[in-house]
Each structure stands twice: as C-alpha cells, then as structure tokens.
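Have the sequence and the 3D view open as you read.

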Amino acid sequence: MLLQVNHLDAFYGRLQALWDVSVEVEQGEIIALIGSNGAGKSTFLKSIAGSIKHTSGEILFNDRDIRGGKPSKIVGSGIVMCPEGRQVFPRLSVRENLRAGGYLAGKEQVEAGYERAYSRFPVLKERASQYAGTLSGGEQQMLAIARALMVAPTLLMLDEPSLGLSPLFTEKIFEIIADIQKEGVTIILVEQNAVMALSVAHRGYVIQNGRIVSTDTGANLLKNEDIISQYLGSR
Ligand code: ATP
C-alpha cells in the first residue's frame, strides 16, 4: 500500500473537521474523494500535506508515519498537493511559477521539469515569459498541475481541479489526470464534480460531515443512485 490513512481526526482549534477517516491508496491508482461543500475534502488533503497540525491517527506513506511532518519534508518524500483555486503566483511568469514548484529540486531536475511541463502543456511554453495572472482559468489550472509535477511526485493530490472551468476545459483536465496516472503517478482527486471524478477513478470514497460514509469502485459508486442522489445531487 502506498498510502494508508488510519483513524484520522483533524481539528481547527476546537472544531473537529475529520472523524475517524481511514483511506487506502495503492500505487498507481486514481482515488476520488467526493462530497458536498464543507464535508472535509480539503482538510483531508491538507492533513496529508502537513499543513494542518492538529491531527490524530496515522498517515502511513510507504509504511512510514508522516503525520505532523513539515510540509517541505512531505514534498521531499514524494507527496505534492495542487491546491483548490490553483493559487498560481499572478505576478510571476509561467516559467517562474514552474521554478517555484521545483524549489526543492536541483538544477538538473528543474530543467527536466520544464521540458516535461512544456511537452505536456505546449501552451505553457508559448506563454513561458507571460505573467501567470494573464492566463485563462483553464491555463492556470494546467500551470498549477505542471508546477506540482516539477518535483516528479509519487503521489499527486488535486483539490477541485475542475472548479470554475468550462465543460471543455474540465474534460481536458480530466484527460490530463488520466494521462498522468498512466505515466505511473498515483493520484488522489478531490472533486465536487462527482460524476467526472468517479469516471476516471479506480475507487472512490464519499465523505459527509467529516466522516467516510461509503467506499467502492468508481464504477459501482457511479451506478449507486442512492449515493448520487443523497450525497452528490442528481446527475
Ligand atoms: P469545499 O469544497 O467547500 O472546500 P471541503 O469538503 O473541502 O469543502 P473543508 O474545506 O475541508 O471542506 O472544510 C471542512 C470543515 O472545516 C468545514 O466545516 C469548514 O467550515 C471547516 N474549516 C475549513 N477550514 C477551516 C479553517 N481554516 N478554520 C476553521 N474551520 C475551517
């Protein structure tokens, strides 16, 4: 098992946001975590990334407990998060944004990272010296993903990659996610767009009010009308 989260609780001050969350991710899988607004999806990713300190339980990555580790150390171990809302640096160029993603990497790895980013996303090469803030939403999402891939992670965590994108760009982003997985990167995908997410995911977890309420293969969850209507809204 690449990642094994056992009985994770997470808190913001005295507010408990995750309750006894257990999730397993095998090497090479795409896992979707779906649920409505405020269910705890981002909190789950942030707990793994080390940006929420107040947690209990276990987060085993390659059998080592990384819970409570420094975010930079967690990136160094091979886990990278692509945050909700992209969070590119608008006043830095596309290339400088990519450089920032590789801040832990050596010069050679950064050069290789640029090459990978530009061949995957030719538009980023065309716009390499342009301010990231001038890119369209879809292009910014591509940049955010490319930036996350600069350190060649083992596990990529994507928080709402389709948020605010047109249907066309949403489809493109999901194609990109499937391609990244085919190249061997394991992916945890957090999405409100449940139908799209479950279509690409091997397995899915449904989270409600900070608790996992269901898990199954992506295909089975998609067929489960109860889940779709109760937690995810109608199709
Ligand atoms: P969304 O898709 O709307 O971001 P989510 O499923 O990602 O939803 P979280 O952002 O993880 O949900 O939030 C889970 C709960 O924790 C919510 O009740 C939210 O209000 C609360 N919460 C999130 N961030 C903080 C914070 N910084 N301080 C206090 N409470 C927070």
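## The ligand site

How far is an oxygen atom of the ligand from an N or O atom in the side chain of Gln192? The distance is 3.2 Å, which can be read against the cut-off for a polar contact, a pair of N or O atoms within 3.5 Å. A polar side-chain atom of Glu84 lies 3.3 Å from a ligand oxygen atom, and a polar backbone atom of Lys41 is 2.8 Å from an oxygen atom of the ligand.

Around the ligand there are 14 residues, each with a heavy atom within 4 Å of it. The closest are Gly38, Gly40, Lys41, Ser42 and Thr43.

## About the model

This is a predicted model, in which local features need pLDDT of at least 70 and side-chain atom pairs count only at pLDDT 80 or more, while totals for chains, interfaces and linings use all residues. Residues are numbered from 1 along each chain as its sequence is written, and side-chain values use heavy atoms, leaving out hydrogens and water.

## Helix α3 and its two partners

Helices here are DSSP runs (H or I, at least four residues), numbered from the N terminus. Helix α3 (residues 94-101) packs on helix α4 (residues 107-120) at an angle of about 125 degrees, with the axes 10 Å apart. That makes α3 oblique to α4; angles under 35 degrees count as roughly parallel, over 145 as roughly antiparallel, 65 to 115 as roughly perpendicular and the rest as oblique. In the contact (heavy atoms within 4.5 Å), Arg95, Leu98 and Arg99 of α3 meet Val110, Glu111, Tyr114, Ala117 and Tyr118 of α4. These residues divide into 5 nonpolar, no polar and 3 charged.

With helix α6 (residues 137-148), the axis of α3 comes within 7 Å and crosses at roughly 35 degrees. Here Val94, Asn97, Leu98 and Gly101 of α3 meet Leu143, Ala146 and Arg147 of α6. By class, this contact has 4 nonpolar, 2 polar and 1 charged residues.

## Helices α6 and α7

Now follow α6 to helix α7 (residues 167-182): their axes come within 10 Å and cross at roughly 15 degrees. The two helices are therefore roughly parallel to each other. Gly138, Glu139, Gln141, Met142 and Ile145 of α6 make the contact with Phe169, Lys172, Ile173, Ile176 and Ile180 of α7. The contact holds 6 nonpolar, 2 polar and 2 charged residues.

Key
Axes are lines fitted to C-alpha atoms, for helices over the stretch in contact, and angles run from 0 to 180 degrees between N-to-C directions. Ala, Val, Leu, Ile, Met, Phe, Trp, Tyr, Cys and Pro count as nonpolar, Asp, Glu, Lys and Arg as charged, and the others, Gly among them, as polar. A polar contact is a pair of N or O atoms within 3.5 Å; within protein, one must be able to donate a hydrogen and the other to accept it, and residues adjacent in sequence count only if both atoms are side-chain atoms.
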